[in-house]
Amino acid sequence: MAEPRFALSRAHRTAALGALTAGAVVAVGPLLLDTYMTNILIRALFLAAVVMTVDVLWGYTGVLTFGQSAFFGVGAYACALVFTHYGFGADWGLLALALGIGAAMTIALLTGWLAFFHGASPLYGSIITLALPIVLTQAIFSGGRFTGSSSGLSGFPTWYWPVEVYFWIAGGLLVAVTTLGWLLVRSDFGRVLVAIRENEERCAYLGVPVSRIKIALMMAAAAVAAAAGFGYAAFTNVVAPELAGFLLGTEFLIYTALGGRGTLLGPVLAGVGIDVTASWLSGQLPFLWKLMTGVAFIVVIVLLPRGLAPVFMALGRLIPGGPPEPPAALVAAPRRAGPGAETAAPPLRIEALTRSYGSLQVLKGVTMTGHASELLSVVGPNGVGKTTLMRCVSDGAERSGGTVEINGVALGRGAPQRATAMGVGRSFQNTSLFDSLTVAECLQLARMRVDGARLFHRRDEIRLPEPARDILRATGLDQKLAEETRNLSHGMKRGLELAMVLATEPSVLLLDEPTAGLTKAERGAIGAVLTRLTREFGLCIVLIEHDLDFVREISDRVVVLHQGAILMEGAVEEVVASDLVKAVYAGHGADRGAAA
Amino acid sequence: MSILVLDILTTSAILFVVAAGLMVILGVMKLINFAHGAFLTVGGYAAFLTTSAGISPWLAAPLAGLFGFASGLVIERLIVRPLYDRPLDAILATWGLGIVIGQLITLAFGRGVQFADSPLTGVTSLLGPDYSAWRIAVSAIAIGVGLALTALLYFTRFGLNARAVIMNEALARGLGIDSVRVRAVTFGLGAGLACAAGALITPLLSVDPNMGLPWLVNSFMLVMVSGVSFPSLALAALAFGGAQVLVSTYVSPIVGGLTIVVLAALVLRVNPKGFARG
């Protein structure tokens, strides 16, 4: 934290100010409140720290988790088990805390491995997080006298400090983790998290290791939850299986939804507020109170999907905003040798590639090579497998048989981010962007694989290679860096997508109808950039295109795909003039033509 | 047939009938109904009310089904319809609904355990050894429900419309199918099935405000594994229900209670498509 850069950043100044204010509130809190209220608040503060992690996971990253209570329970049981069965003291306490955090992180790692992999549906991940607390609760039940089974453990030795001390510990923990969380979601890394929520698929194709990030995040969240659980158990001197149960896990979700997901402070305040109210009211109106929570939850989900925080912010601007930060500035990325610069192998080699869906064979043994400084167009009628071909090159899990080599290295069964790391860049047939991010943020995201993403700091420049900046200039996007992408015109979206792919510095560029729906002028600009990419930067471009005039203008070589196999391959004029191709496009006599 | 085989078959049949309502809703609406457990509970209380009012216990399940269908239509209109394009939010809203239903039941009936009369009492030696007659009857009903649902899906106008909505909702709407109505009826049907299933299993257990919860998670796992098809749901119920019975018998009932959750999670990790088409 000694770097001068950190002291200058506005986010860090705001965070320090917020943390100091909150810290002061925590410091004087127990002096003003009665003992009963202090006791209730301690519990709420520990739980709110867990709610904060749920918001980072769900509100920011889109991982709907029912299982955060499991980690809370692990921390609590680590405390109770060690103090009951092994020993008590400062050293035992530290050991128990370390054990709890370690166990929680290990469980999070296993859960994450199970829940997050490329192609897993978000629903599946949620189900795994739902299964986790159920399994853990059953494990506690079957622990017999060791875990105290259904009645839990109580009366173990603990620190009998005055409540003020526990209040300061709980409040200090909450302020510390919330400050870290606040900085995290405002950092480069936080932007990656939002991008994963908005469009996970696109992230993977930009080389973002989505599953690994989710697992790491889950482990960090588990560590925070376990620490909170440890403190909670040491304070209450009671642990029960319900602490790890999935009902508590869903309560965390309810607090997050009510407070406003993706606002961090909203869920934290809601967590504290609702839990305190609940402790108050559940004495007098036990069932009615839960009923009211349930109704409020449904109403908020249906009518106020962003929760209560935005309502409050709109009402009184509770959280000071100030003028928006200026967007990051474009700077030139140092030109570096991309993957494959040293090898003599062709950038793209496809050998006997097949892809079938059940009994339907879409690609039947495609063999082709893409050379450096070459623009290779793949043409053919709709449904012959052009897009499938691209998918097989950019995602190792797609193909049924055959091999794909990028710069002489076999793709294997790697996920899209692996293909991206090997030098494949892919744009999609249907524009696929991140709606709520700005142009500048999208570009920075695309640079994550090359530049990395810092955890608690936000970069204020976008380093882009020259071709990407060319595209931005040609489409006028360099004047719209602060614009959210959903407000862009279709042509600009296509341009931005191409610039993002180029920002990953690929050596093989796969473009699926990059000019579909563009005006003639836009098409010309993109054609010029593509030509320049092959001539000056030595890229290998594989282009899918229906517009034969465009193909004729810019291609070096053309491959004609028909019924999942290569029908013809050759120079542009040769192919365009061929009767065979005319027959295929006209849709008659094709089989006769192929036989000839 | 030995007791073990009967245990496996009846457990699977019960799992099937309990999960069917969840699957109907998931299939057509792409929505995980987290209130499924609460609907089961409602069915249980419907059976309790029916039998304590002196009505024949055979009518408990049909009455519960009707009640579920009607309330399903209302719930769909109020809570589910606004969330069509936010599937993860719909999960949460139905979970909130589950809490509300659970609390309403607690307010009305208290937290205590109640019992409902069984239409069939005692044991039968129809299939070999002495075995609970109602379990066998429930299994037969489950098979009947499975066949009826399949027939509904493949031999009726509603089924054709529903299948069209399952495959391509936008196109179905373009063809003049009222997909909003299909969804509403589907939710009613799913809720009705859940309530009827709750009434069916009640004589085997007791009724309390949380009785549906353990079933929710298992149904959930079975439906995720089987995708959207009744034959594969039956297969999944048989495979996992069988495993559950075996583990409960030979290892321990507590581990047995986790069998379905753990096995299904692993199956889905290895093959995300589950049992659907291999």
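This is a predicted model: local features need pLDDT of at least 70, side-chain atom pairs count only at pLDDT 80 or more; totals for chains, interfaces and linings use all residues.
Good morning. Let me begin with the division of chain A into domains. The domain assignment gives domain 1, covering 4-251, and domain 2, covering 348-595. The C-alpha centres of these two domains of chain A lie 43 Å apart. Their contact takes 25 residues from domain 1 of chain A and 29 residues from domain 2 of chain A.

Which elements give two or more residues to the side of domain 1 that touches domain 2 in chain A? They are helix H8 (163-185), H9 and helix H10 (200-205) of chain A. The largest share of this side comes from H9(A), with seven residues. Sorted by class, the side of domain 1 of chain A that touches domain 2 has 13 nonpolar, six polar and six charged residues.

I now turn to H9(A) itself. In general, two packed helices are described by the angle between their axes and the distance between the axes. Helix H9 (residues 188-198) of chain A packs with helix H18 (residues 439-446) of chain A at an angle of about 100°, and their axes are 10 Å apart. Because angles of 65 to 115 degrees count as roughly perpendicular, H9(A) is roughly perpendicular to H18(A). On the H9(A) side, the contact is made by Asp188(A), Arg191(A), Val192(A) and Ala195(A). H18(A) contributes Glu441(A), Gln444(A) and Leu445(A). By class, the contact of these two helices, H9(A) and H18(A), has three nonpolar, one polar and three charged residues.

Next comes the contact between the chains. Chain A gives 29 residues to it, and chain B gives 30 residues. On the side of chain A that touches chain B, the elements giving two or more residues are helix H6 (122-141), helix H12 (246-259) and helix H14 (286-303) of chain A. Which of the elements gives the most to this side of chain A? H6(A) does, with 11 residues. The classes on the side of chain A that touches chain B are 23 nonpolar, five polar and one charged residues.

Finally, I come to a sheet in chain A. Strands of a sheet pair through backbone hydrogen bonds, either parallel or antiparallel. Here four strands of chain A form an open sheet in the order E5-E4-E7-E8, and the pairing is antiparallel. Strand E5 (360-370) and strand E8 (409-410) of chain A are the edge strands, each pairing on one side only. Strand E4 (residues 348-357) of chain A pairs with E5(A) over eight bridges in the antiparallel sense. Within this sheet, Leu348(A) stands opposite Gly370(A) in E5(A). Thank you for your attention.

Terms used:
Residues are numbered from 1 along each chain as its sequence is written. Chains are lettered from A and ligands numbered from 1 in the order in which they are written. Axes are lines fitted to C-alpha atoms, for helices over the stretch in contact, and angles run from 0 to 180 degrees between N-to-C directions. Angles under 35 degrees count as roughly parallel, over 145 as roughly antiparallel, 65 to 115 as roughly perpendicular and the rest as oblique. Two residues are in contact if their C-beta atoms, placed from the backbone, lie within 7 Å. Ala, Val, Leu, Ile, Met, Phe, Trp, Tyr, Cys and Pro count as nonpolar, Asp, Glu, Lys and Arg as charged, and the others, Gly among them, as polar. Domain bounds come from an automatic or database domain assignment. Two strands pair if DSSP finds at least two bridges between them.
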